[in-house]
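Please look through the model shown below before reading on.

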Amino acid sequence: MRPLSYRRAAEIGEAVATVSTEPTSAFLAGGTTEVDLVRLGVARHDLLVDINDLPLADIENLPGGGLRIGALARMNDVARAAQVVEMYPGIAQALLLGASEQLRNMATMGGNLCQRVRCAYFRDNVSPCNKREPGTGCSALDGQNRGHAILGTSEHCIATHPSDVAVALVAFDAVVHTIGPSGARIIPIENFYLLPGRTPHIEHPLEHGELIVAIEVPPLPVARGSLYLKFRDRQSYEFALVSVLSALLVQDGRITEVRLALGGVGTTPWRARRAEAQLVGAPATAGSFAAAAAAELDAAVLHEHNAFKQELAQRAIVRGLDQAMVSAVHGGAR
Amino acid sequence: MSSAIGSPIDRVDGPQKVTGAARYTAEIVLPHMTYAAVVAATVASGRVAVIDTGRARGAEGVLAILTHEDLPKLAEPHLLPSLAGAAAPGQSFFPMQKDVVHYAGQPVALVVADSHERAQYAASLVEVTYERAPSITTIDEGRDAAYEAERLFGGLLPARDERGDVDTAMAEAEVRVDVAYRFAANHHNAIEPAATTAVWDDGRLTIYDSTQGIRASQLTVAQLLGMPLSDVRVITHFVGGGFGSKAMVWPHVTLAALAARHVGRPVKLSLTRQQMFTSAGHREEQEQQLAIGATRDGRLTAMHHEKLSITSPFDDWAEPATGVSSQLYACPNYRGEHRLVRGNTMTPTFTRGPGEAVGVFVLETAMDELAHELGIDPLELRVRNHAAVDGHGNPWSSDGLEECLRHGAELFGWAGRNPVPRSRRDGDWLIGTGMAAAAYPVPLFMPTQRARARLYADGSAVVQAGTQEFGTGVLTAMTQVAADGLGLPLGSVRFEAGDTDLPNVSSAVGSAGAGMISAAVHAAATALRDQLVATAVADADSPLHGADPATIEVREGRITQREYPGVGETYGELMQRNRLADAEAPGSWTPPPLDTPHGLLTFGAQFAEVAVDPEIGLVRARRMVGVFAPGRVLNPKTARSQLVGGMLWGLGQALLEGNRMDPRHGRWGATSLGEYLVPVNADAPEVTVDFVELTDTVVNPLGVKGVGEIGQVGVAAAIGNAVFHATGRRVRELPMAAELVMD
Amino acid sequence: MPAWAVQLIAHHVRPKIMHNDQFVATAPPDRPPLTSGPSSLPVALTVNGSTHVVDLEPRVSLLDALREHLDLTGSKKGCDQGTCGACTVWVDGRRVLACLSLAVTCEGRSVTTIEGLAAGEELHPMQRAFIECDAFQCGYCTAGQIMSAVALLEEGNATTDAEIAESMSGNICRCAAYPNIRAAIREVRDAGEGGHRATA
Ligand SMILES: Cc1cc2nc3c(=O)[nH]c(=O)nc-3n(C[C@H](O)[C@H](O)[C@H](O)COP(=O)(O)OP(=O)(O)OC[C@H]3O[C@@H](n4cnc5c(N)ncnc54)[C@H](O)[C@@H]3O)c2cc1C
Ligand code: SF4
Ligand code: FES
Ligand code: FES
């Protein structure tokens, strides 16, 4: 592991000032991505600024409804917070289906949003990889790409975004609050995740030294019946092959509101906008679910080993919507 | 009079392991310790053109950097399985002797520094420029150049096995099944990565090694360095699992010794998890094909079993696939063949259930297909065809297959199974059940095994053999064997191992450990008992004076006339009167000759129930039952654990575990436990294990056939057969990934 | 005497059991703002109730600090990547992975390792149950399993076998002692002997 300097920040301003003025520095939250990647040599930081003492771990109800989750709240604490379980069960489920108890005790919400991809070529620190070494090429395109994305890909990178909870957050239109060298910002979460395009090394719009302080989830009645399904080879302790966040509002057998997002198949936590658009107003039937799923996956770009995910993701969507019917918020005569 | 043998006592090393007091190799504390880190080749073939160590040498704390330019020249290594009791390098190639690179991950430099972090960091600063040559790392790339191997397993086994006229019988068969399977490579991934600590003292070398065979490490390092065995001592307290990865002696062991000599301080070399994928062998990528011809009433008439696999540039290694298929079932016409592709990997090696974990998968899947084809219950088909004699016409040393099958069927609830595929459903899940026979060869090619027993006049004993504890429970089982042999209570006996200064036993591999070590320990313990009984009957002051030794027994440390338990005395009384502070006896056991006129297989039966989500392609095992006939069971508690472990390995093999080469770079796709998926707790269903206990008077004195491998063998087939039963789909590849299982 | 030996002795003469409530009581936030590195600096680590001051580079993980500097080798290194759980320890009473924690970040926190679980000679009920149920073979994952298992009971999510299995899935056992590990946890749960509390 490369030599590291360490600074324990007592205040937000200090943390931001330190990282923004040191080009090869980074924030250190739970360390579950950062320490791993520095040890692998993939992250080449020389100074880590420990932000764990900053007062950013609270989970608070917002006055107008909704929730503010501090960037340093740990995955396990968020997953088990009563408000989250009640108002956004999909967030709680997504969190609990990720990583392991130990990791979730360490990992923070801010760190989770910023976690790096698990593409083996990115992590091996040897293979050509545009994300790690811009311009070197993408080894996954013609390589072992079973775990890779089929939505939002480019010719330069097809790595899947690994986060589970971010899938729920994009579905619920969460916003990311930051404080950076140029002040505070609010970034809608869908804008937080950038498609790889020609610049896969740029994953989010944060300036160097810009600190996530909180994530706000707006009040969202439909989310109360939300559901997160995660499919993976192993029963636990694995990233998703495909995962689905689904939430429905059904009135007289018709879908009046829907939230649908996918994990494991997109280069970003994937909001299934096309499917959502088809579903609103449609009858809540298997047929509409399947048609919407097909519409969403129509745009899939397939590679040798991940082609099966096009079908898999559609089935997962149908399954997710089907099961969300059980917990869906129903109105009118059923 | 076995009282300790066969009882389910707790592990004697349990308290050390649950408190963290047990020391593993990387935890040995020595003064002035230094740390080594390996720089591994990133190309699969070619040569090191330039190796620039300038930056690394300048890094803080660096003590030395060794490359092919300055590593001393070693004797040539020759691959030979460690059980044979000679030097046992894992491959006939030692890196860093020249600039050549034969496989990615091959060590090209070794950095020694004063801390772990500094060594690792400096290793990352060594800049190596390679001249890359074309490489072959998959079967597909080398298929056209495949050749028929002559001998396998380091020359120990013939690659071809043939009897009768297969082609004619196959052509004439009333029913035929012909199946072809592909298998991704497997990596052992013992949770303790391999580590070696080496220290020199006055020209003598002590090595702390995480190994399945301290003797093999000693023999190998001594041979490579040209040292007398008396100057090389290997110590191992605890080993964090082996599964075959620590059965052979890989280059890092000798590299640690060389580095320690170079810096004149102890060197600790711990391989990283990532390096474990290229440093201790693997189960090779392979393809197998099995054709079976049978009569309509389900009698096998012809079998043709072929394997194609990829090996290293320097060894004809293949796991033998046909050791069971050639003899489990009576079949007059049989041909087994192994073909090889030379590729740029290290030499593959033993991986739990070597050979048969895969060979029996193919056999037992084909049998299931045949049963389906013929409409015969799969279990009955096995019973009907089970051979009474081995391929050479020799009777089994002990059998038990039918009992295992029948008992397993009962425990599992096999009777009344509806054989129609896709006939059971539970919500989103299709439910299926499957079974398979299991068998694993009992190896006998080890040299004489030795142990030593010492009794003190206070009635306590130390019994020693140069084996090592890597989870098999050998310390516990041998304490039991020694206690019974000596006629002492368990608490009075300590079994000591883990040091080559103790009497020689071979590496514990191929399930041979319990049988051969118990034989030597039993011999030493009973020899010592007999020696003291002889002293008693010769001693005019003993109540046993003049008695016939055959009428005497020892229990709880008391020597008595069997018929008159009141007549006798304790070991202690006898020894003190005879001015014996202690008494000692060696014991040894030489295995039966290789041409022993007996069939040598351990048998078992596997049953599994799976749930398959046919839309998503996921398979989850719901319950598993295994019944085994491993001869005498020394400790049912630890034996059961080993069998459960083996069965869950079979689950991993069937559903999760596989690694593939990226042929463009010649590197493995998975090099971490996040990428190479082994089962986690939630994957493991409840597992039922039972025994059919049989007496075996051939394999070794106590009739122990071993439980290390048999637990795994057949499981993958039982699961695959259950997946077929659930879905009606045969998955022709392991692991059975979702994309292969989905409708 | 080398530093490790001093610490070894210090540790051995002051064995202490940590009760969960003590974590709060004995761990005042003693984390002054600090800039250091890349060379080593004294780091005060409170492990199993004793405070050790060790010279550590900031890059040293908690796991390596324990194993290489404090001679507390009970916590194991199976991967150094967060993928196996062998390094599981408690920091401020919560189970975490020592391989992905930098030691310097643990200053002012209370670290408990397997060596701090038994009350002197008396094993923790979970340790006893692991022996009775034969919940290990090679023993290399065992410290992590036990630290996880005791924490799991404390967390109170061990009602069903499925919960236990899921919550223990961050601890890989390659010997695959999983069914026996679950049995040990059930045994301690059913005996009401609970989580962090040692037998003392
Ligand atoms: C074995 C393993 C399995 C995993 N499985 C899953 C899984 O199944 N599902 C899943 O979702 N995740 C999984 N993870 C990922 C895990 O959730 C992330 O590593 C974790 O959430 C990162 O949070 P952290 O606090 O540890 O971040 P750190 O590692 O401390 O930081 C990560 C990155 O974010 C930056 N950062 C941290 N906090 C902030 C902030 N407040 N503002 C700006 N930048 C910040 C850091 O500088 C760093 O670059 C797994 C991880 C491992 C190691
Ligand atoms: S998919 Fe992205 S991360 Fe992976 S190799 Fe290609 S560019 Fe790198
Ligand atoms: S060593 Fe920490 S998780 Fe494997
Ligand atoms: S006991 Fe060996 S890895 Fe768990």
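A residue counts as near a molecule or strand if one of its heavy atoms lies within 4 Å of it. This is a predicted model, in which local features need pLDDT of at least 70 and side-chain atom pairs count only at pLDDT 80 or more, while totals for chains, interfaces and linings use all residues. Residues are numbered from 1 along each chain as its sequence is written, chains are lettered from A and ligands numbered from 1 in the order in which they are written, and side-chain values use heavy atoms, with hydrogens and water left out.

Ligand 1 lies between chains A and C, and of the 36 residues around it, those that come nearest are Phe27(A), Thr32(A), Thr33(A), Thr108(A) and Asp164(A). By the residue classes used here (Ala, Val, Leu, Ile, Met, Phe, Trp, Tyr, Cys and Pro nonpolar; Asp, Glu, Lys and Arg charged; the others, Gly among them, polar), the shell around ligand 1 divides into 16 nonpolar, 14 polar and six charged residues.

Oxygen atoms of ligand 1 also have N or O atoms of chain A beside them: a backbone N or O atom of Gly30(A) is 2.8 Å from one such oxygen, and a side-chain N or O atom of Thr33(A) is 2.7 Å from an oxygen of ligand 1. For Glu34(A), a backbone N or O atom lies 2.7 Å from a ligand 1 oxygen. Taken alone, ligand 1 exposes 970 Å², of which the protein buries 95%, with accessible areas coming from the Shrake-Rupley method with a 1.4 Å probe.

Helices (H or I, at least four residues) and strands (E, at least two) are DSSP runs, numbered from the N terminus. The largest share of the shell around ligand 1, four residues, comes from H7(A).

Turning to chain B, an open sheet of four strands has the order S23-S22-S21-S27, with mixed pairing, where two strands pair if DSSP finds at least two bridges between them. Its edge strands, each pairing on one side only, are S23(B) (493-496) and S27(B) (582-589). Strand S21(B) (residues 449-456) runs antiparallel to S27(B), and eight bridges join them; in S27(B), Gly587(B) is the bridge partner of Ala451(B).

Helix H12(B) (residues 513-538) lies across S21, S22, S23 and S27 of chain B, running at about 140° to S27(B). Such angles run from 0 to 180 degrees between N-to-C directions, with axes being lines fitted to C-alpha atoms, for helices over the stretch in contact, and contact means heavy atoms within 4.5 Å.

Methods. Polar contact = N/O pair within 3.5 Å; in protein donor to acceptor, adjacent residues only side chain to side chain.
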